[in-house]
Amino acid sequence: TLLLQTQFRYEMKRMDYVYNAILLFSITSFFSLFLAYFNNWGLRGMVLALLIGQFASMSFGIWKQRLSNNLKISKIKLKEMLRFSAPLVPSWIAIFLAAYISRIMINYYLSLTEVGLYGIGFRFASIVILLIAGVNRSLSPLIYNHYKEKDTPRQIAKTFRLFIVFSLVFFYGITAFAPELLRLLTTPDYYASHSIIIYLVPALLLSQM
């Protein structure tokens, strides 16, 4: 499903991408509620709902892209794609390790209590990833389609400045109201995690942008 959605983006088929995302969300949510709640299937119902949603989304993507995809493989294009993407593999491995090594280190040097506080703080700070994901998903296809145009660097610089402004506003907002959000959404055991959100939000911004 992710591969098909990515192809929608890079073919500039934004409405097909939106319909695919809505279909995935709607079907997964419906069957999660129906199977896990009304039928009392619990975790098994959630997993089955995810499978049904992914299957529906994948079927929609394959149907809409039936004219773009075929079973023939171009060796020239394959070599070009592998040569382009090969350096990205170790970088993504490093990103994956960076996302989890902090919790392993906290658990090793401190205790499970600190891991729990860090985990809650990280979840709240991760809201910033939604902001970054939206910009990244919309910006990357535009760059690849217009990178030869002379005005592209200036447009990217303008977009980056706007992104910084919104990021700072978001940072000040979530750190200022972190204690209230924690009291609203968590239990007293996790209230202390507000003290690390102020560090995690800019850390995630810098690592992801």
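S193 sits in the loop between helix 9 (178–185) and helix 10 (194–208); helices are DSSP runs of H or I with at least four residues, numbered from the N terminus. At 1% relative accessibility, S193 counts as buried (under 20% relative accessible area; exposed is over 50%, partly exposed in between, with a 1.4 Å probe and protein chains only). A polar atom of the S193 side chain lies 2.7 Å from the backbone oxygen of Y190. Apart from neighbours within four places in sequence, S193 is in contact (heavy atoms within 4.5 Å) with L117, I120, G121 and L182.

The model is predicted: local features need pLDDT of at least 70, side-chain atom pairs count only at pLDDT 80 or more, and totals for chains, interfaces and linings use all residues. Residues are numbered from 1 along each chain as its sequence is written, and side-chain values use heavy atoms, leaving out hydrogens and water.

Helix 6 covers residues 112–125. Its buried residues include L117, I120 and G121.

The count of salt bridges is 4, each a side-chain nitrogen of Lys or Arg within 4 Å of a carboxyl oxygen of Asp or Glu. Three are tabulated.

| Pair | N to O distance |
|---|---|
| D16 and K64 | 3.7 Å |
| K77 and E80 | 4.0 Å |
| R154 and D151 | 2.8 Å |

D16 belongs to helix 2 (residues 14–38) and K64 to helix 3 (residues 43–64), so this pair ties together parts 48 residues apart in sequence. D16 is buried at 14% relative accessibility, whereas K64 is partly exposed at 35%. K77 and E80 are both in helix 4 (residues 75–85), 3 residues apart, about one turn of the helix.

Notes. Helices (H or I, at least four residues) and strands (E, at least two) are DSSP runs, numbered from the N terminus. The expected span of a helix is 1.5 Å times one less than its number of residues. A polar contact is a pair of N or O atoms within 3.5 Å; within protein, one must be able to donate a hydrogen and the other to accept it, and residues adjacent in sequence count only if both atoms are side-chain atoms.
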